[in-house]
Amino acid sequence: MSVTATLSTTAPAKTNADVLAVPVFSGRVLGPGGKAIDTALGGTLGAFMEEAGFEGKAEETLAVPAGGLGARAALLVGLGDKKTVSADRLRRAAAAVVRRSPKAKTVATTLLDAVPSGGDRVAAAQALAEGAALGAYKFLRYKQKSDAPALERFVVLGKKDEAVQKGLDRGVAVAAAVAWARDLVNEPAGAMTPTQLAEEARRAAEEGGLEYEVLDEVEIANQGLGGLLGVSLGSDQPPRLVKLTYTPAGKPTGTVALVGKGITFDSGGLSLKTADGMETMKTDMSGAAAVIGAMSVLRAAGVPAKVIGFVPTTENMPGGRAIKPGDVLKIRNGKTVEVLNTDAEGRLILADGLSLAVEEKPDAIIDLATLTGACVVALGMKWAGVMGNNEGWIGQVRGAADRAGEPIWPLPLPEEYRKDLDSEIADLKNISGNRGGGALTAGLFLSEFAGDVPWAHLDIAGPARASADDGYIAKGGTGFGVRTLVEVLSTFEKPKAATRS
Ligand code: BES
Ligand code: MN
Ligand code: ZN
């Protein structure tokens with residue numbers, strides 16, 4: 001996918017685009033550029049809209065003849081209520097336009113001028129570029145024929161403004177990072193092994209100007225990463241631990257450590273999943289994909305914080321040497337864990353990842369993981385859960401997710417439930433002894449490895465994968481988390497000392 005997004009001062013009536021897309025607000029209120037189309041059609045646009053039942057609701061589209069316009073075709077795109085237009089509404093509108101125009105190589109649009117005066121045109125430009133580029137995304141590696149939108153040039157009509165062009169460039173770059181993460185997730189587990197995922201991280205490091213270090217299975221054992229090693233034992237594929245480091249040009253605004261769950265296939269191990277439960281488990285490395293994708297674009301995005309990413313990666317398989325329910329593993333920070341259910345494996349490898357992150361003495365940590373089915377029960381397929389040990393830091397992450405258009409919602413880490421993780425023979429066990437609250441007890445387990453560092457945990461089990469196309473999201477891996485990470489790292493402020501949530 002190589003889409004460019006350019007700001008152009010061309011008049012709507014004079015674009016040479018394949019498609020000219022203009023916004024319409026709900027109630028068929030023509031947005032910017034609409035007059036030009038209406039004039040070209042001899043004032044019949046209202047009749048077209050009425051005839052088609054087009055109302056201008058968000059993401060609604062209606063193709064109309066281009067009349068005497070420069071473009072080959074014109075497309076009306078709904079933006080909903082004019083008073084509540086948001087960056088995400090624009091992102092979705094841009095994607096709707098691209099999806100509705102699969103043959104168009106050049107799409108021009110007046111959507112930017114739908115931003116109300118005083119609104120943030122730079123953020124809007126970024127959202128438009130993200131929406132257009134991601135709307136054109138398809139995973140085609142194994143298809144003989146492509147049916148992806150042909151989009152090459154996305155031309156945003158508007159007055160000249162360097163900052164707005166920068167916003168478009170940033171949107172294209174961020175979308176490419178999201179697409180990269182989606183590719184990693186969509187790749188079958190037979191191809192995206194831990195070794196291959198580490199190789200992809202190396203490529204991201206090369207392209208993104210990052211330092212790259214990797215531990216193989218012998219070094220993982222020698223470094224005391226007992227959780228990662230333990231989970232890997234049931235598989236013939238060797239595990240890897242990847243460390244990526246981004247150092248900004250100027251004095252860093254702080255240091256943030258990222259940890260991404262990289263289970264390239266989760267069979268459940270000896271606590272084997274059902275066939276149904278296993279079907280989508282190639283996506284269990286979505287946290288790792290988010291970290292790799294986001295880190296690939298930090299330099300291009302001019303992120304001012306130092307960022308250290310850890311990706312523990314392994315398969316979770318039931319081979320002859322697999323860990324057994326009742327086995328005890330020793331995590332990097334010295335804590336021992338009784339593994340009573342081998343399907344609660346994510347927290348075991350994240351425990352090592354978080355321990356390594358804490359050793360770097362960062363100002364804050366974020367981990368991302370497709371951690372629990374319970375989080376999907378609680379928040380559904382679109383919303384991620386966020387937990388942590390520092391309200392200020394959680395607030396920063398939530399603010400960034402909001403601006404990035406990735407829905408996340410806070411869940412508690414109730415101290416009353418901590419004793420449910422007490423083990424008879426080890427420091428803790430890997431599943432709760434009580435019913436319910438599975439996302440929370442998983443979060444509580446992780447908190448044991450975050451030390452005193454301000455830490456936020458994103459359980460992305462729901463939104464990491466989409467079961468259907470929706471706006472700029474394509475069925476399959478979504479790359480969830482990449483946009484939030486880039487945003488929160490771009491605006492990072494050191495959180496104040498921990499207050500437990
Ligand atoms: N990878 C799964 C969680 C998951 C489930 C992600 C569904 C996406 C969709 C995780 O490793 C897992 O198996 N969790 C168990 C934990 C349980 C054994 C305590 C779960 O959620 O059932
Ligand atoms: Mn599992
Ligand atoms: Zn898992």
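A: **The α4/α5 packing**

Helix α4, residues 121-135, packs against helix α5, residues 162-186, at an angle of about 35°, and their axes lie 7 Å apart (axes fitted to C-alpha atoms over the stretch in contact, angles from 0 to 180 degrees between N-to-C directions; helices are DSSP runs of H or I with at least four residues, strands E with at least two, numbered from the N terminus). The model is predicted: local features need pLDDT of at least 70 and side-chain atom pairs pLDDT 80 or more, whereas totals for chains, interfaces and linings use all residues. Residues are numbered from 1 along each chain, chains are lettered from A and ligands numbered from 1 as written, and side-chain values use heavy atoms without hydrogens or water.

The crossing of α4 and α5 is right-handed (near helix turned clockwise from the far one by less than a right angle). On the α4 side, the contact (heavy atoms within 4.5 Å) is formed by R121, V122, A125, Q126, A129, E130, A133 and L134. Helix α5 contributes A163, V164, G167, L168, R170, G171, V172, V174, A175, V178, A179 and R182. By class, this contact of α4 with α5 comprises 13 nonpolar, three polar and four charged residues (Gly counts as polar, Ala and Pro among the nonpolar).

Y142 lies in the loop between α4 and β7, the latter spanning 153-157. Beyond its neighbours within four places in sequence, Y142 touches E187, P188 and A191. Y142 and E187 are separated by 45 residues in sequence, yet their C-alpha atoms are 9.3 Å apart in space.
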